[in-house]
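This report describes selected features of a predicted model.

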Amino acid sequence: MKDSRKTKERLIIEVKELRDSLEKQISERKRVENALYESEGKYRKLIETANDAIFIADAESGIILDINRRAEEMMNMPAEEIIGMHQKQLHPEDKAGDYKQIFREYVRNGDGISDEVVVCRKDGHKIPVEISASVIEWGGKKVVQGIFRDITRRKRVEDALTQSKEQMQYILDNTTSVIYIKDAQGKYIIVNSQFQDLFHITKEEIIGKTNHDIFPKEMADTFQANDRKVLKAQAPLEIEEVALHDDGRHTYISIKFPLFDSKGIACGVCGVSTDITERKKAEKRLEEQKDALEQKNLALSEILGQIEIEKKQIKDDVIANAENLLLPIIQKLRLTGESRKYVQLLQKNLQELTSSFGTKLTERGAKLTSREVEVCGMVKNGLTSKEIASLLNISLRTVETHRIKIRNKLGIVNKDLNLSSYLKTL
């Protein structure tokens with residue numbers, strides 16, 4: 001009886017211990033379930049509030065198991081239609097094989113895989129996306145979690161940038177100047193076709209290279225020094241540079257100006273160079289022609305000076321001959337009547353020839369005719385209008401007309417001056 005009671009007590013203790021253990025297990029299970037529920041809630045909240053579309057697919061079958069709200073918006077389909085689809089159905093049919101292989105790469109390599117792919121909505125609209133994929137444990141099985149980021153806007157910007165670069169390159173290639181852009185370290189970033197043609201070098205051979213990688217040391221040192229001047233001045237500079245080509249030395253006028261980054265720091269140099277070799281040659285030829293012309297002018301001046309000397313000598317000879325040869329002979333003539341008057345007039349005219357009267361008369365700019373000059377000589381020598389008319393075989397009225405014109409041309413009209421007296425002062 002005693003043993004039976006002990007056995008019963010032991011059984012009660014074991015049952016109690018078993019009940020306590022079971023209660024602990026139930027409590028722990030509830031705690032784990034609550035923690036799992038809380039974790040799943042946090043996970044669900046996390047993926048639902050994500051800005052990118054998230055797809056979870058079975059690693060073995062490729063069947064989509066779960067998605068978030070952004071995935072529905074991206075595909076323009078409700079979750080009920082997407083869940084259960086094969087992952088390849090997210091993409092264009094003609095690329096299904098390629099994307100199936102990409103999915104296998106995700107499964108094989110695990111974490112940290114990124115790719116740019118295209119998803120195709122139900123309406124056929126294609127969206128470029130960037131996928132970040134990783135393999136995780138989810139519900140006791142391996143799944144591939146893919147984060148799909150819509151890069152439509154980025155692609156548009158990239159396409160616009162590419163188009164802008166192509167347009168800029170087209171403009172650069174269709175200019176007559178040599179144009180290039182270098183970074184702050186002197187490496188070429190952009191060159192136009194004129195640059196390539198000039199130095200017989202392809203764009204691939206020069207982009208990323210410096211002057212010292214391409215040109216002779218002396219020429220490279222000069223180019224580099226000029227670039228430094230521009231970066232130091234932080235202002236455009238006009239520089240004359242000399243470059244060596246297959247056909248010899250070429251001279252350029254280079255307009256170089258600094259390029260600045262968003263912080264206002266000089267980050268490169270842009271150069272626009274114009275070949276002025278032919279202009280330099282033309283300037284040299286012009287200078288040589290100018291020197292030759294100056295030499296000719298000097299020689300001409302010497303010739304004109306010699307001519308003036310010779311003219312003076314001739315004049316002196318005429319005067320000497322008239323005074324020494326003609327006048328003595330005329331003075332010995334003994335003629336009477338009208339002939340004597342002619343001889344006297346001839347003597348006076350010869351004397352005038354050896355004097356400065358004719359020169360002074362013409363130097364006054366009066367523009368007298370030859371007949372008016374002749375009349376002036378007779379008036380100066382005291383001949384009356386009647387005598388002049390008789391000697392010149394013209395009317396008295398004509399003589400008076402000449403006298404009036406002479407006074408007008410000499411500027412003594414309306415002045416109380418005797419013409420004969422005035423002419424004697426010349």
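## Nonpolar surface patch

In this predicted model, a nonpolar patch on the surface is formed by Leu300, Ile303, Leu304 and Ile307. Together these residues have about 340 Å² of accessible area.

Leucine 304 belongs to helix 10, which covers residues 277–331. The relative accessibility of leucine 304 is 45%, so the residue counts as partly exposed; the range for that class lies between 20% and 50%.

Strand 1 comprises residues 53–58 and is mostly covered, with six of its six residues buried. The cover extends to both faces: Ala53, Phe55 and Ala57 are buried on one side, and Ile54, Ile56 and Asp58 are buried on the other.

Strand 1 runs antiparallel to strand 5 (residues 141–150), and six bridges join the two. Within strand 5, phenylalanine 148 stands opposite alanine 53. Strand 1 also pairs with strand 2 (residues 64–67), in the antiparallel sense and over three bridges. Here aspartate 66 of strand 2 is the bridge partner of isoleucine 56. The hairpin of strand 1 and strand 2 has five residues between the strands, and glycine 62 takes a positive phi near 80 degrees in this hairpin.

## Aromatic pairs and cluster

A pair of aromatic rings is described by the distance of the centres and the angle of the planes. With ring centres within 6.5 Å as the criterion, the count comes to eight aromatic pairs. In one of them, tyrosine 180 and phenylalanine 195 have ring centres 6.0 Å apart and planes at 65 degrees, so the pair is edge-to-face. Because tyrosine 180 lies in strand 6 (residues 178–183) and phenylalanine 195 in helix 6 (residues 193–199), the pair ties together parts that are 15 residues apart in sequence. Both tyrosine 180 and phenylalanine 195 are buried.

Phenylalanine 195 also forms an aromatic pair with phenylalanine 199, which is tilted, at 5.0 Å centre to centre and 50 degrees between the planes. These two residues lie in helix 6, four residues apart, about one turn of the helix. Phenylalanine 199 is buried, as is phenylalanine 195. One aromatic cluster is formed by Tyr180, Tyr188, Phe195, Phe199, Phe215 and Phe223.

## Cysteines

The structure holds zero disulfides. Cysteine 270 has a relative accessible area of 8% and is therefore buried. Cysteine 376 is likewise buried, with a relative accessible area of 0%.

Technical notes
Residues numbered from 1 in each chain as written. Predicted model: local features only at pLDDT ≥ 70, side-chain atom pairs only at ≥ 80, totals over all residues. Heavy atoms only, no water. Patch = residues over 30% accessible without salt bridge, like charges linked within 9 Å, V, L, I, M, F, W, Y side chains within 5 Å. Areas by Shrake-Rupley, 256 points an atom, 1.4 Å probe, with all protein chains shown as cover. Salt bridge = Lys/Arg side-chain N within 4 Å of Asp/Glu carboxyl O. Buried < 20%, exposed > 50% of the residue type's maximum accessible area, 1.4 Å probe, protein only. Disulfide = S-S within 2.5 Å. Pairing = 2+ DSSP bridges. Phe/Tyr/Trp six-rings, centres within 6.5 Å; stacked < 30°, edge-to-face > 60°.
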